[in-house]
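The sequence and structure come first.

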Amino acid sequence: MRLYSLLAAAKINLYLEIVGSRPDGFHELIMVMQSVSLCDRITVRSIGIDEIRVRCDHPLVPADDTNLAYKAAALVSQRFPGVMAKLGGVEITIEKQIPVGAGLAGGSANAAAVLVGLDLLWNLGLAQGELQALGAELGSDVPFCVAGGTAIATGRGEQLDSLPGIDSLHLVLAKYESEFVSTPWAYQTYRAEYGDTYTDAQGWQARQSQVRSGDMVRAVAKRDAIALSQHLYNDFEKVVLPAHPKTAALQATMADLGGLGTLMSGSGPSVFTLAESEAQAIDLATRLRSALPDPDLGVWTAQFIPSGVRLAS
Ligand code: ATP
């Protein structure tokens with residue numbers, strides 16, 4: 001096969017707690033991550049020459065060596081020297097559906113799909129754990145995006161323990177196209193305002209144990225949508241929403257619509273509301289568009305899914 005098309009799923013954070021500052025400069029996190037059915041389509045195609053090319057028609061996504069998908073291919077070709085000379089290079093086509101810079105890990109999902117696609121295209125025979133280890137070199141969210149589903153993520157987000165999936169839940173996602181949050185800014189601001197709550201490595205372990213046996217993880221384990229919705233939590237809301245009044249108003253409007261629960265995802269600015277059925281998600285989305293009739297507002301419906309990257313049919 002000279003071409004593979006893959007679907008790369010966006011993620012949301014059902015729970016995100018920042019517990020400290022690591023010696024490597026990253027933050028120590030405790031998260032519950034969930035793949036959702038909003039996907040980019042990534043196609044990897046063999047080309048005759050020993051080169052990596054990226055094509056993407058989204059104006060905010062670079063089609064050069066700064067694209068995370070390009071970096072994923074460069075990493076694989078570097079780890080398997082000679083593979084491109086033997087089997088040819090690769091053209092990566094990215095068809096974007098996941099909003100860019102939204103806290104939905106779009107770039108990480110694209111990188112994860114390239115790792116999975118090149119494993120197939122170049123017959124590397126890598127196990128999922130090996131793909132995730134490569135992914136961790138590209139970004140903290142990439143290992144989760146490879147496997148997807150539902151997982152507790154600790155460390156900088158790359159240490160994963162999978163949880164039972166809750167595939168029956170639906171959601172509405174919304175983001176103002178003109179609103180962006182710089183993830184480094186969000187971490188710096190959080191550190192400036194809440195750094196005094198940070199604990200040491202022993203404290204992180206204790207907090208991890210509490211979260212693992214706490215309300216959110218119990219709700220996921222029991223597949224209890226109501227309890228899960230009641231325990232949605234994201235530390236980033238404390239710094240991002242005050243600095244982004246438009247997104248704060250969006251969050252408040254979505255929370256008032258009567259879904260199961262509303263939260264900002266990652267460092268934002270996308271916001272999601274959970275729904276118990278597809279019909280409820282469509283109804284919430286329709287009412288959100290009527291409540292905020294602004295052409296700048298993007299609104300999507302999606303559902304929880306059990307995988308990160310999968311072959312497109
Ligand atoms: P995260 O949730 O992991 O913080 P995000 O969803 O906030 O990520 P992305 O959509 O991944 O953000 O994009 C962040 C930046 O990365 C954008 O400014 C974009 O130009 C750049 N970028 C590089 N490669 C990609 C890619 N393949 N897809 C999207 N953005 C990319």
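A polar side-chain atom of Asn110 is 2.9 Å from a ligand nitrogen atom, and an N or O atom in the side chain of Lys96 is 3.0 Å from a nitrogen atom of the ligand. For Asp141, a polar side-chain atom lies 3.1 Å from a ligand oxygen atom. On its own the ligand has 610 Å² of accessible area (Shrake-Rupley method, 1.4 Å probe), and the protein covers 74% of this area.

The model is predicted: local features need pLDDT of at least 70 and side-chain atom pairs pLDDT 80 or more, while totals for chains, interfaces and linings use all residues. Residues are numbered from 1 along each chain as its sequence is written, and side-chain values use heavy atoms, without hydrogens and water.

## Shell around the ligand

There are 21 residues around the ligand (a heavy atom within 4 Å). Those that come nearest are Leu60, Asn67, Gly101, Gly103 and Gly107.

## Glu28

Glu28 belongs to strand β2, residues 27-47 (a DSSP run of E, at least two residues). Glu28 counts as buried because its relative accessibility is 5%, where buried means under 20% relative accessible area with a 1.4 Å probe and protein chains only.

Beyond its neighbours within four places in sequence, Glu28 is in contact (heavy atoms within 4.5 Å) with residues including Glu17, Arg22, Gly155, Trp204 and Gln208. With Arg22, the Glu28 side chain makes a side-chain polar contact at 2.9 Å (N or O atoms within 3.5 Å, one able to donate a hydrogen and the other to accept it; residues adjacent in sequence count only if both atoms are side-chain atoms).

Definitions and conventions: Helices (H or I, at least four residues) and strands (E, at least two) are DSSP runs, numbered from the N terminus. Buried means under 20% relative accessible area, exposed over 50%, partly exposed in between (1.4 Å probe, protein chains only).
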